Each structure stands twice: as C-alpha cells, then as structure tokens.
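The following exercises are to be worked with the sequence and the coordinates at hand. Each task is followed by a solution in steps.

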Amino acid sequence: MAQGLLALSVELIVEILSYLNHHNLLKCRQLSKKIHAIILNTSFLQYRIELGLTGNQDGRSSDRSVSERLKALRRVQREWERPKPTLVDTLVIPSRDWSQSKWQKDVFFGKHPTNNRQLDMFNFGASFAGKERLQHLSFDMDFDTFSVDFDQDLIALARCSETDQQGRRVPPRVYLRSLRDQKPHPKAQRTSFELGPYGFLGVDYILRARLQIAGKYLMLTLYRSLPVEAILVWHWPTGFLNAFFSFTHRDGCINAMCTDTGHLLLAKRPESRIGWFGIYVFTLRREDDLPGLLAMFELPKLAVDVTGWITASFFPREHTCGVLTGGLAYTATNFNPSSVLVQFQWDRQYTLYTPLVTFLSQEVLNAGRRTQPLDFSWDSWGPHSSRVFQEGSAGSIICGYRAIFPDYILDFSPATLRNVDVVSGAAVQAKPHALEVSSMFAYPVITSLPYCKISLALPPTPSTVDARSQMHMAFVDVDGPKLLRVTCADFILIPSSVEIFSLREDGDTIRRPTAASPASEHP
C-alpha cells in the first residue's frame with residue numbers, strides 16, 4: 001500500500017490523507033520518510049494531529065488561518081506544560097448575598113435568597129470592565145436551580161418547591177429561556193416541562209435538583225437525600241422525553257452524566273451486589289424510543305455497603321466548579337466533549353480518573369446492535385484505563401484531559417505525554433500504583449493509566465485570607481489558559497473576590513486579527 005501511495009503526486013497524497021483522523025495520520029507517518037515529511041510540512045494535517053492529541057476541536061467562529069491556529073494551539077499547550085502563573089487582575093464580586101452560585105467559562109452566576117426570579121451574571125473575562133461586568137437577569141417565574149449553555153443562548157430553570165394558594169406543593173417544572181432576553185427560547189418547541197405526568201404530583205420529599213445541558217439534551221436529576229430519586233432526559237429542541245429513571249434506596253444510584261453525543265452515564269449499585277458499584281452506559285437514541293443499556297463498567301469492590309453516605313461525582317462537579325466547555329473560538333480550538341476526564345469520588349477520599357472515551361469506545365457504541373449489553377469487570381478495564389489517587393478532602397477541577405489542583409496539575413493529555421521531555425520538572429508516571437486494603441476498598445486497587453505531574457506555583461495566599469475558604473478554577477479564553485483563585489465568604493462557597501492568573505510569565509495577550517487569513521492551507 002505504501003509503495004502505491006508513494007507513486008502518486010504530493011497533491012494527491014495530501015488529498016487522501018485529508019480524510020484520515022489524527023490516530024490514522026500518526027500511523028501513516030511511520031510508512032515512509034516521504035509521507036512523514038509531507039504530513040509534517042502540511043499545516044492542516046499537522047494541526048489535525050495536534051488537535052486530536054490535545055483533546056480539542058476547532059472553534060466555531062475562528063477566522064484565523066490554519067498556520068495561525070496551529071501556532072496558537074502549540075502556545076496554549078506549551079503554557080499548560082510549563083505554567084508560569086502571573087497575576088493579571090483581582091476583582092471584587094459586588095454581591096455577597098447569593099444563596100447559590102455557579103460558573104461557566106468566565107462568568108459567575110449568583111442567585112439571591114429572597115428574589116427567586118433574579119439571577120446575577122458577573123463577567124470576569126478580559127472583554128469586560130467596571131460596571132459592565134455585573135448584569136441582572138430577571139425571569140417571569142420562580143426557580144430553585146439552573147444550568148447555562150452560552151453557545152446555544154440557553155438557560156434551563158427548575159422549580160421544585162412551589163406551592164399553591166392553599167400551601168400545597170405543585171408538581172415540579174422546568175423552563176427553557178434565552179440568556180439574551182430571558183424570553184422563551186425560540187428554538188424550543190416546548191418551553192416548559194411539568195413533572196406531574198411522571199408521578200411527581202406535589203411531592204415534598206425532593207430536597208434538591210440538578211440540571212445539566214449537554215448539546216441538544218437536558219438532564220434533570222432529583223434527589224431525596226444523597227442517593228438519586230429520579231433522572232429525566234429530554235431532547236430540548238423538540239421536547240421529546242428520551243429517558244426517565246426512577247430509583248429506590250436499594251438501587252443506590254448516586255450520580256449521572258449526560259453527553260452531547262446522546263449517551264447517559266449512571267453511577268449505581270448493581271442489583272443484589274452489596275459493596276459493588278458500576279458505571280452504566282446508556283444510549284438515548286434508539287429506534288424504539290427507549291434508552292438502551294450498552295455496557296456496565298464495574299468499579300473496585302468496597303469493604304462495606306456505603307450507599308447511604310457515599311459522595312460521588314462525575315465531571316462536571318457543579319457544586320465546586322464550572323462546566324469547562326469553552327473556548328479559543330478566536331484563536332485555535334474548543335474542548336472536544338469526548339476528550340475530557342471523568343472523575344469519580346468515594347467519600348472525598350479517593351478519586352478515579354479515566355478518559356470519557358473509555359466508556360464511549362467503538363466497542364461499547366457497537367453494543368447497541370447486540371441483544372445483551374457488555375459487562376466489563378474491573379480487572380478487564382480499570383487497571384490500564386484509569387488512575388486512582390488518595391487525595392483526602394482536596395478536590396480537583398477538570399479542564400480537558402487535566403485535573404488541576406491548587407499546587408500541581410495531573411496531565412493525562414496524549415500530547416503532553418509524547419512531549420514530556422520539554423515539560424519543566426516533570427516525568428511520565430506509567431508504573432502501576434497500588435492502593436492497599438483499607439476501610440474503603442475490599443482488596444488492593446492497582447491502576448496504571450499514564451500521567452504527568454506538573455508543578456503549579458501560584459503566588460502565596462495573603463496571610464489575611466483563610467485558604468480553606470478558597471476554591472480554584474480554570475478556563476481558556478482568547479488570551480490562553482487562565483487559573484482563578486476565588487475567595488469565598490463564610491465557608492459557604494459564595495465568591496467574594498477572584499484573582500485571575502495567566503499561565504504566561506509575561507502576561508501578554510494575543511490580539512485578534514482584523515481580517516480573515518487566507519484559507520489556502522485547507523485541502
């Protein structure tokens with residue numbers, strides 16, 4: 001095959017290679033010196049390789065040439081590999097009366113405890129200044145919780161504690177609104193969903209709810225206490241209900257995650273298996289309109305049944321960090337939704353990291369054509385596809401293939417692992433690591449997923465600030481990666497001030513070009 005390919009002109013070889021993904025392009029580089037040189041010297045082919053290795057995808061609104069995007073991508077990767085945090089700005093967040101706060105990309109959202117119809121939006125991106133940073137969003141209904149998707153101009157609001165004039169609970173309801181004008185979303189055929197038809201008629205045992213927007217899917221998770229009570233997933237543009245799960249305490253469902261590819265991950269206990277937990281993968285796109293179970297991935301066996309008090313979380317952890325989907329739309333890339341880490345915690349002591357593609361591999365996706373779902377024991381997937389760390393109460397935030405802590409980064413990115421010789425003071429950790437039998441695990445847990453531990457030397461916290469009242473965040477904007485150190489008031493995770501750090505030592509910005517560059521680098 002290589003000989004026949006080499007007989008063609010360079011233009012035809014480039015045309016053929018343009019149909020390959022980054023995995024196959026890497027293999028083709030090994031065919032011959034000529035093909036290796038062609039790929040290396042063709043910007044868009046090299047860009048595709050490095051895009052895939054870093055777990056990114058093209059920004060939707062980028063007007064830069066391929067060469068410029070490749071340079072920007074390499075610069076961002078270099079900043080992650082050799083971070084030199086520099087304080088860019090310190091902002092005081094005006095309102096400290098929020099009863100609930102979340103963030104996405106470079107925006108904080110805060111909900112007032114007394115005004116159940118208002119949401120504050122505080123922008124700390126470089127394009128805002130002064131009073132422009134704070135905006136007030138007013139809606140025509142009360143709500144308890146919310147979720148935001150900037151790319152789709154969508155905010156979902158859920159109301160679970162509403163009462164009528166007689167003081168009786170009314171069925172929970174979900175609303176779809178536009179962020180721009182707070183009116184019903186124009187692309188939604190149904191702009192509200194009532195849960196009464198699904199059996200939630202004035203219930204008073206739902207203590208909290210969580211919303212997640214994943215592309216065209218909207219997931220609502222209802223909690224009675226720690227275990228999940230019910231999960232509902234809609235295709236929000238059409239209003240079609242893709243999935244409805246109701247659980248009992250014996251089911252032991254702890255958390256769920258929906259992907260924009262139409263898949264649902266549930267963390268729950270298998271039936272009649274005390275001490276075991278598994279990650280169940282469902283597809284939401286079935287011809288019979290029912291969610292189909294594709295596979296179950298077994299997790300390490302626990303020493304005791306802890307269904308009632310275990311705390312577990314998938315990416316994203318909305319209670320301490322934001323949804324990191326965002327973007328270098330004007331420079332290089334956005335994060336690929338499939339190229340992120342899934343983190344699973346046991347009682348905030350042990351954390352498992354594994355790439356999301358482990359659960360959405362081609363083998364799993366093809367399982368939809370089988371009559372029986374796949375069943376993966378821990379020994380068949382866990383030791384080589386994950387890492388388990390004992391981290392105590394310290395939590396990490398997920399940014400693509402990276403788990404970021406206050407003083408270091410665990411980088412699982414293939415690009416970093418291939419380029420570790422230039423990473424400052426770091427080395428690839430690929431040897432198996434064993435967690436011995438403890439009060440949590442019934443037997444030793446051995447994992448070996450390669451990673452690189454990179455030091456993160458943020459400037460010290462002022463002596464007047466209690467470090468325990470801080471949380472760290474990350475996002476990527478037009479100027480490259482940013483880390484945030486957020487000071488919270490009264491230990492309740494309500495932000496009062498934020499320090500913004502650039503990972504570049506000089507803190508210089510990248511200016512957006514005024515005109516589009518030539519597109520001749522594309523095939």
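**Exercise 1.** Determine whether F405 and Y408 are buried or exposed, and classify their ring pair.

Solution. Both F405 and Y408 are buried, where buried means under 20% relative accessible area, exposed over 50% and partly exposed in between (1.4 Å probe, protein chains only). Rings of Phe, Tyr and Trp (its six-membered ring) pair if their centres lie within 6.5 Å; planes under 30 degrees apart count as stacked, over 60 as edge-to-face and the rest as tilted. For F405 and Y408 the centres are 4.6 Å apart and the planes make 15 degrees, a stacked pair.

The model is predicted: local features need pLDDT of at least 70, side-chain atom pairs count only at pLDDT 80 or more, and totals for chains, interfaces and linings use all residues. Residues are numbered from 1 along each chain as its sequence is written, and side-chain values use heavy atoms, leaving out hydrogens and water.

**Exercise 2.** State how many aromatic pairs there are, and explain why F245 and F247 count as stacked.

Solution. The count is 18 aromatic pairs. The ring centres of F245 and F247 are 6.1 Å apart and the planes lie at 5 degrees, so this pair is stacked. F245 and F247 are both buried. Elsewhere, ring pairs link F109, F139, F143, F146 and F150 into a cluster.

**Exercise 3.** Describe the sheet that contains β3 and explain which strands are at its edges.

Solution. Strands are DSSP runs of E, at least two residues, and helices are runs of H or I, at least four residues, numbered from the N terminus. Two strands pair if DSSP finds at least two bridges between them. Four strands form an open antiparallel sheet in the order β3-β4-β5-β6. The edges are β3 (100–104) and β6 (134–138); each has a single partner strand, so one side of each is left without a neighbour in the sheet. Five bridges join β3 to β4 (residues 107–111), and Q100 stands opposite K111 in β4.

**Exercise 4.** Characterise the surroundings of T416.

Solution. T416 lies in helix α9 (residues 414–418). Its relative accessibility is 0%, so T416 counts as buried. The side chains of T416 and Q77 are joined by a polar contact of 2.7 Å; such a contact is a pair of N or O atoms within 3.5 Å, and within protein one must be able to donate a hydrogen and the other to accept it, while residues adjacent in sequence count only if both atoms are side-chain atoms.
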